[in-house]
Amino acid sequence: MSRPLRVQYPGAWYHVMNRGAGKQQIFRDARDYTAFLTLLGETSLMWKSEVHAYCLMPNHYHLLIRTPLANLSRVMRHINGVYTQRYNRRWNRDASLFRGRFKAILVEEDAYLDELVRYIHLNPAKANLTSKAHHYIWSSFPYYLGRSKKPQCLVTDIILQRFGQRQNKARRELVQFIAAGIPETLRATLDGTRWPSILSKDSYQEWITQNYLSPRSDSEVVVRLQEPRILSILQIRKVVCTLSQLSWRTMKRGKGSDARFWRKTFILALRQELGLSYQKMRHIVGHIHPSQVSRLINIDRFKIEKDGRWKRLDCELKSEKSRLDPFGPS
C-alpha cells in the first residue's frame, strides 16, 4: 500500500498522531510526559513550528501543528527521533518506540480547525482516562482555560480568538463547543486506520491541487516544498562579530561580560537558525560544557531574547537571509 499524500506549504495546519509500536506505552510516568513537552518546546524554537493543541495518551499522542516554514516532515522526524533516544536512554532499552511514520492530515483552517481542537481534547474522556476532559493534565485543554502557566511549546491565542475577542468569553464558548461533542462523521474519519491526506471542503482541495500538486494521479505525488533561506555557520558568525565589534577569537574565549554575552548569543543563533546539537555547538565554540549549552538554550535564552542586542541581531540575520538566493547553495 502506498503512503498517503503529504502536502507541505508555508503556514499549513496539521493534525498529527503517532502510536507506540505494538501499542506499547510511550509515556510511563510524569517525567516522560514532561520530557515530551520540553522537546516540543525545543523543536518549536529550532524549526519555528507552532503547537496549538496537544493530547498525550499512554500509548500515543495527538498534536495540532502549524508550520510557517513548510517543514512538517523535518519537525516530526526530530520529535520522534529525539524522544525515542531519550526514552531508550532513560529506560535502558534499545528498540523502536513508535510504530513507524507518523500520521498527518492537512487541515483547512476555516472549515475544520475548531473541530480538531475538540477532537484532540476529548480523547482522554473517550478513553476513560478522565470523567471531564479539562481535568486531564497531559492535554492542552487546562491551559486554554488559564488554570496554570502554559508550557513553552503551546500557542493558545489564535484558537481562542476564534471563539471571541474577550478572553473570558472565548474560554466559555470553547468549553461549551467541546462539551457538545464530535460530529459522528468526523469521528468515524479520525478513528479510522487510514486517514485522508486533506480534511477540507472541495474548494480548498482544488486550491491545493492547483498550487502544490503535479499532474500525476497516484498517491505518492511529490509535493513542491518551499525551502527557507538558510545561513551557514560562517555567515552567522560574521554577522555576530560585526554587530558585537569583537573578533571571533575574543568572543570564543568568552573573557569579560561583553564577550560572554555575545558568545551565548552566537550559540543561541546557531540553535535557532540551524538546529545544531549541543555537542556540535560545543565543538564550534569550544571552552564550554554541553550542560552549559543546555542551560543556555532552555533557561538563559529567555533573558537574552529580551535584550535589545539580541533583537538587533535577529533583524540582521533576517536581512542577511533576504539577500540569499533561495534556490542556490546555503
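1. In helix H9, the residues Ile236, Val239, Val240, Cys241 and Ser244 are buried, where buried means under 20% relative accessible area, exposed means over 50%, and partly exposed lies in between (1.4 Å probe, protein chains only). Helices here are DSSP runs of H or I with at least four residues, strands are DSSP runs of E with at least two, and both are numbered from the N terminus. The buried residues of H9 pack against helix H10 (248–253), helix H11 (257–274) and helix H14 (308–322). Helix H9 covers residues 233–244, and its 12 residues reach 16 Å from the first C-alpha to the last, close to the 16 Å expected at 1.5 Å a residue; the expected span is 1.5 Å times one less than the number of residues. Just after H9, glutamine 245 takes a positive phi of about 60 degrees.

2. Before reading further, please keep in mind that this is a predicted model, in which local features need pLDDT of at least 70 and side-chain atom pairs count only at pLDDT 80 or more, while totals for chains, interfaces and linings use all residues. Residues are numbered from 1 along each chain as its sequence is written, and side-chain values use heavy atoms, with hydrogens and water left out.

3. As for the protein as a whole, it contains 14 helices and five strands, and buried residues make up 50% of its 330 residues. Taking contacts (heavy atoms within 4.5 Å) between residues at least 6 apart in sequence, 72% join residues that are at least 24 apart. The accessible surface comes to about 17,200 Å², of which 49% belongs to carbon and sulfur atoms; such areas come from the Shrake-Rupley method with a 1.4 Å probe, and for residues only the protein chains shown count as cover.

4. A search of the whole structure finds 13 aromatic pairs, where rings of Phe, Tyr and Trp (its six-membered ring) pair if their centres lie within 6.5 Å, and where planes under 30 degrees apart count as stacked, over 60 as edge-to-face and the rest as tilted. Tyrosine 33 and tryptophan 138 form a stacked pair, at 4.7 Å centre to centre and with 10 degrees between the planes. This pair links distant parts of the chain, since tyrosine 33 is in helix H1 (residues 30–47) and tryptophan 138 is in the loop between helix H3 (109–126) and helix H4 (141–144), 105 residues apart. Tyrosine 33 and tryptophan 138 are both buried, and they belong to one aromatic cluster whose members include Phe27, Phe36, Tyr61 and Trp91.

5. Phenylalanine 163 and phenylalanine 177 form an aromatic pair that is tilted, with 5.5 Å centre to centre and 55 degrees between the planes. Phenylalanine 163 is in the loop between helix H5 (157–161) and helix H6 (167–179), whereas phenylalanine 177 is in helix H6, 14 residues apart, and both are buried. Arginine 118 lies over the face of phenylalanine 177, at 3.7 Å from the ring centre. In another part of the model, the charged end of arginine 28 sits over the ring of tryptophan 91, 4.4 Å from its centre; a charge counts as over a ring if NZ of Lys or CZ of Arg is within 6 Å of the ring centre and within 35 degrees of the ring normal.

6. The count of salt bridges comes to 11, a salt bridge being a side-chain nitrogen of Lys or Arg within 4 Å of a carboxyl oxygen of Asp or Glu. One of them joins the side chains of aspartate 29 and arginine 90 (2.7 Å, N to O). Aspartate 29 lies in the loop between strand S1 (12–19) and H1, and arginine 90 lies in helix H2 (residues 72–90), so the pair ties together parts that are 61 residues apart in sequence. Aspartate 29 counts as partly exposed because its relative accessibility is 25%, and arginine 90 is likewise partly exposed at 29%.

7. Glutamate 173 forms a salt bridge with lysine 169, the closest N and O atoms being 3.9 Å apart. The two residues are separated by about one helical turn, because they are four residues apart in helix H6.

8. Threonine 43 has its place in helix H1 and counts as buried because its relative accessibility is 1%. Not counting residues up to four places away in sequence, threonine 43 touches Lys48, Ser49, Val75, His78 and Ile79.
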